[in-house]
Amino acid sequence: MALMTERTLVLLICVQLLVLVLLYQVSYDHETAHYENTFWKSIAIATKINKAIRAVSHYKQKLPDCPRTSQLTGGPLNISFPLWLNMKQVEQKHLLVRRGGSYSPPNCTATYKIAIIIPHRNRMEHLTYLLYHLHPFLQRQQLKYRIFVIEQAGNYTFNRGKLLNVGFKEAMKHENWDCIFFHDVDLIPEDDRNTYICDLFPKHASIAMDKFKYRLPYKHFFGGVSALTPEHVEKINGFPNSYWGWGGEDDDIATRIKLNKMLVARPPIHIGRYKMISHKRDKGNEKNPERFQLLKNATLRWEEDGLNNLEYILLSKKNNHLYTNITVDIGTSKGLQLYR
Ligand code: BGN
């Protein structure tokens with residue numbers, strides 16, 4: 001058991017009783033032969049002491065460490081998308097998840113604490129499916145985690161890189177996470193052995209997507225799901241803020257990693273498998289014609305375009321049951337003010 005031994009507890013309770021008896025004596029009013037208010041006050045104090053002792057002993061009863069490799073995980077997963085699934089139903093399945101979408105294993109102290117960042121806009125259906133699969137997946141891995149959904153406000157062109165930067169900044173205000181997973185909303189992991197922890201180098205997790213016939217589309221592909229420690233993120237100055245629309249920002253991130261003399265870690269190809277929820281191209285996330293030019297200049301730009309020039313206006317932060325919902329105004333390609 002705890003550091004607070006049973007003997008200490010008994011001793012503390014005895015001391016309490018003694019205090020109680022003394023107060024009881026003191027509170028006796030000999031003239032009126034009545035016990036005064038002091039008696040009830042002493043009861044209240046004793047209750048408070050008791051509560052405090054219990055809180056301390058509970059705190060000291062540290063749970064055993066979770067094993068480094070969870071015994072609750074299996075292998076390949078059968079990913080299904082139940083028709084008409086809604087968020088309420090997913091919420092009802094996860095009563096152990098605390099508001100804001102955070103979780104700690106109930107029976108052991110997690111070895112790793114991770115944050116999941118999901119850039120998002122108008123994809124509630126995908127988010128529902130992702131959370132339906134991701135919460136149990138992370139829980140089987142016995143991780144301490146919190147899921148952050150970063151919602152771009154307004155209708156201006158989507159900017160994944162900038163939303164990832166906002167997610168990183170905001171998540172780090174909550175906790176000193178060991179590892180941050182940057183996760184597209186439409187990708188579902190298909191194997192329990194795909195461990196959601198960080199590596200020595202930035203990790204690209206979604207290396208085998210069904211969309212690309214479970215192969216890498218090209219050697220330096222870094223899109224979909226990646227995992228970096230806060231130190232990795234700081235080292236590469238975060239992600240580019242300047243890619244508005246679809247494409248290129250992930251290649252820019254791969255370039256930053258290389259420029260900082262880091263390699264890319266990857267799970268084995270039969271494990272880093274993901275199912276993509278099929279969808280049409282989003283309105284407001286058209287292919288970015290400037291991506292080729294931007295990528296050409298990635299080497300010159302990375303030190304000025306990232307965490308150190310990030311500007312946004314936090315519009316709201318809500319602790320939903322299954323995720324922390326952060327809505328931000330990230331402005332437009334012309335700057336922050338013009339959108340207002
Ligand atoms: C690439 C895109 C990536 C995207 C993958 C997979 C570009 C930059 C061209 C210079 N890169 O072609 O952003 O993740 O396809 O769809 O468009």
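Asp-192 is buried, at 3% relative accessibility; buried here means under 20% relative accessible area, exposed over 50%, and partly exposed in between, with a 1.4 Å probe and protein chains only. The model is predicted, so local features need pLDDT of at least 70 and side-chain atom pairs count only at pLDDT 80 or more, while totals for chains, interfaces and linings use all residues. Residues are numbered from 1 along each chain as its sequence is written, and side-chain values use heavy atoms, with hydrogens and water left out.

Asp-192 forms a salt bridge with Arg-140, with 2.8 Å between the closest N and O atoms. A salt bridge is a side-chain nitrogen of Lys or Arg within 4 Å of a carboxyl oxygen of Asp or Glu. Asp-192 sits in the loop between β7 (187-189) and β8 (203-204) and Arg-140 in helix α4, so the pair ties together parts that are 52 residues apart in sequence. Helices (H or I, at least four residues) and strands (E, at least two) are DSSP runs, numbered from the N terminus. Arg-140 is partly exposed, with a relative accessible area of 24%.

The structure holds 14 salt bridges. Another of them joins Arg-256 to Asp-252, the closest N and O atoms being 2.8 Å apart. These two residues are 4 apart in helix α7, which means that about one helical turn separates Arg-256 and Asp-252. Arg-256 is buried at 1% relative accessibility, and Asp-252 is buried at 1% as well. Salt bridges with shared partners connect Asp-252, Arg-256, Arg-301 and Asp-305 in one network. Asp-65 and Lys-62 also form a salt bridge, with their closest N and O atoms 3.3 Å apart; both of these residues are exposed.

The backbone has its own points of interest. Most residues other than glycine have a negative phi. Gln-142 has a positive phi of about 55° although it is not a glycine. Gln-142 lies in the loop between α4 (124-140) and β5 (144-152) and is buried, with a relative accessible area of 14%. Asn-237, also not a glycine, has a positive phi near 60°. Asn-237 is found in the loop between α6 (230-235) and α7 (249-259), and its 9% relative accessibility counts as buried.

β12 (residues 313-319) and β13 (residues 324-329) pair in the antiparallel sense over 6 bridges; two strands pair if DSSP finds at least two bridges between them. The two strands form a hairpin with 4 residues between them. Within this pairing, Ile-313 stands opposite Asp-329 in β13.
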